Amino acid sequence: MTTTTPTSHNTHRFSTKRFLADNGALVGLVVLSLLLFIATPAFLTGQNILNIGIQASTIAILAFGSTFAIVAAGIDLSVGSVAALGAMASAWMFTDANLPGWLALLAGLLTGLVVGAVNGAANAYGKLPSFIATLAMLSVARGLTLVLSDGTPIKTPPIVSFLGSNIGPIPVPIIVLVLAALVASFILNRTVIGRSMYAVGGNAEAAELSGINVRRIRVIVFALSGLFAAVAGLLLAGRLDSAQPQAAVGYELDAIAAVVIGGASLMGGYGKISGTLIGALVLVVIRNGLNLLNVSSFWQQVVIGLVIALAVGFDVIRRKTRSS
Amino acid sequence: MKSMLKVTLATASAALLVIGLVGCNRTPAADNGAAAPMKVTLSLSTLNNPFFVEVRDGAKAEAKKLGVQLDILDAQNDSATQANQLATAASNGSKAVIVNAVDSDAAGPGVTALNKDNIPVIAVDRTVNNAKLASFVASDNVAGGMQAAELLAQSIGEKGSILVLQGVAGTSASRDRGQGFAEGLKKFPGITVVAKQTANFDRATALNVATNLLQAHPDVVGIFAENDEMGLGAIQALGNRAGSDVKVVAFDGTDDGLKAIKAGTLVGTIAQQPGNLGKLAVQQAVKAIKGEPVDATIPVPVVSVTSKNVDEFLK
């Protein structure tokens, strides 16, 4: 994902300001990594890189879903709860309804898709702002997770636990992360639906006039967001060998932060999967680095908040550069 | 016309909602009228945590035994929600209220209001500040922390580097356990705490934090987690090192924690007895209602659980 090269050899004049504005998150990630590399020898080791990849997988996949929503000028606040519900549904189907593991896995994914579609329908047809529709779902989905689990963790089927294991030296979460990134990127860039998301996010009325079924796109956007959330939830459950009722509480904020750090605009119409991936890596690298340096947890929250503020600052500069 | 219809519909649904709410409120009060069972309200900080689920189950079982009607409310870790619940308890015919405070200070005003109505209040697990409590039922977290230090020290031969996974920053459980653990460690000068980081009492967070810390300190021989959930996350991070070259000691004695002791991945846990907390709280409530003397504090002992005695705790 780091194949972005400056276009200095083109006929366009190379502008440092523009480069910084377009690749702020990437530059930030590189600077951060360099600083940590200097600060602690434990940072740049093969195992730690893998650790970062594994830890980024959950946030990044949630954030891919959120990228769809944000590109289409919506927001999905329910992803953390939906992740927990998807995983819990799967574990419940396996343990309590005695479904075979693979079917339970599919049921978990389907739960995410359906719950997401409900969000989308409430937004597109029920005329609820996505902020409200998904805020409601945040509560509903968490409640259903608690109902299913009765407040205690449930063991996951072996196929879900496999998601948290390794194939040879390579952790499965990283493989899933790469696949999810490729799929999300393909949807957003190479499909009519994906391109329509940009159009809807840029200007919904213009999109409608140009023949895009805006409502249908909105339903698909949130359904996809729910599906990606379920994938992330199953991954997290796999790593813990159990579906936790309190899994992924507050992760929606991480997901949104990752998308914003990655350069998407909350106004809609702009955002990239590669950016979101970098955004998620920035968050995880910060947490990893602060752990390695044994920084007090009180300060960790301060640092993460500042990074988000900085990233949004970049967003403002970027929009100015683009419009000039 | 269309907007008229909308207004009518909205009014109608609002009216229905009100009727529904009133209806809900009335039923238990009506039950209470004709020599119905004693009603006690239990407001729990959260049911989103196996520990409090066990408190609830213990309370429920005891209530059934004593013929008490127990209303169980979940404050979802929100002090404001809890304040509302306490206010409701004052008006719905509860003879006593058991409160597991979301926050010891924030619950004060709600409990004071109950004091004014002469409804006895029993605090469970966390105390309530600036209000009158009939009784406070809790495990001794500081003593538990000291016991945990002892357990961990013994299992690693009283020397080496260890990690501490802390709970939610600023909570009394985390403070007390951490304090007890630090005091307990003073007896063992050979042990150094090389890193202390929070994992928010959460298993997934602990998995990440422990993984990161093990990267920075590959030579650790022990981990103390301030609750079982984090201990289990650390065990997941350790993989097959758990129980062999790195010993983990946790706190709470939840089902999953006990299973991990049985499996040999967790050396020990300090079992609070959440079921007993709930049970004793209901007993105190009944005593208070009947006007029998009630002890101001009921310390519920914490127990060190290891592979030796784990079977007594596993259900």
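Visitor: In which sense do β6 and β7 of chain B pair, and over how many bridges?

Guide: Two strands pair if DSSP finds at least two bridges between them, strands being DSSP runs of E of at least two residues and helices runs of H or I of at least four, numbered from the N terminus. Here β6 (residues 160–166) and β7 of chain B run parallel over 7 bridges; V164(B) has K196(B) as its bridge partner in β7(B). This is a predicted model, where local features need pLDDT of at least 70 and side-chain atom pairs count only at pLDDT 80 or more, while totals for chains, interfaces and linings use all residues. Residues are numbered from 1 along each chain as its sequence is written, and chains are lettered from A in the order in which they are written.

Visitor: Which strands are the edges of that sheet?

Guide: The open sheet has 6 strands in the order β7-β6-β8-β9-β10-β12 (chain B), with mixed pairing. Its edge strands, β7 and β12 (303–306) of chain B, each pair on one side only.

Visitor: How many residues does each chain bring to the contact between A and B?

Guide: Residues are in contact if their C-beta atoms, placed from the backbone, lie within 7 Å. Chain B brings 22 residues and chain A 25 residues. On the chain B side, α2 (50–66), β7 (191–198) and α7 (203–216) each supply at least two residues. The largest share of that side, 10 residues, comes from α7(B).

Visitor: Which residues does A83(A) touch?

Guide: Not counting residues up to four places away in sequence, its contacts include L62(A), A229(A), G233(A) and Y251(A).

Notes. Contact = placed C-beta atoms within 7 Å.
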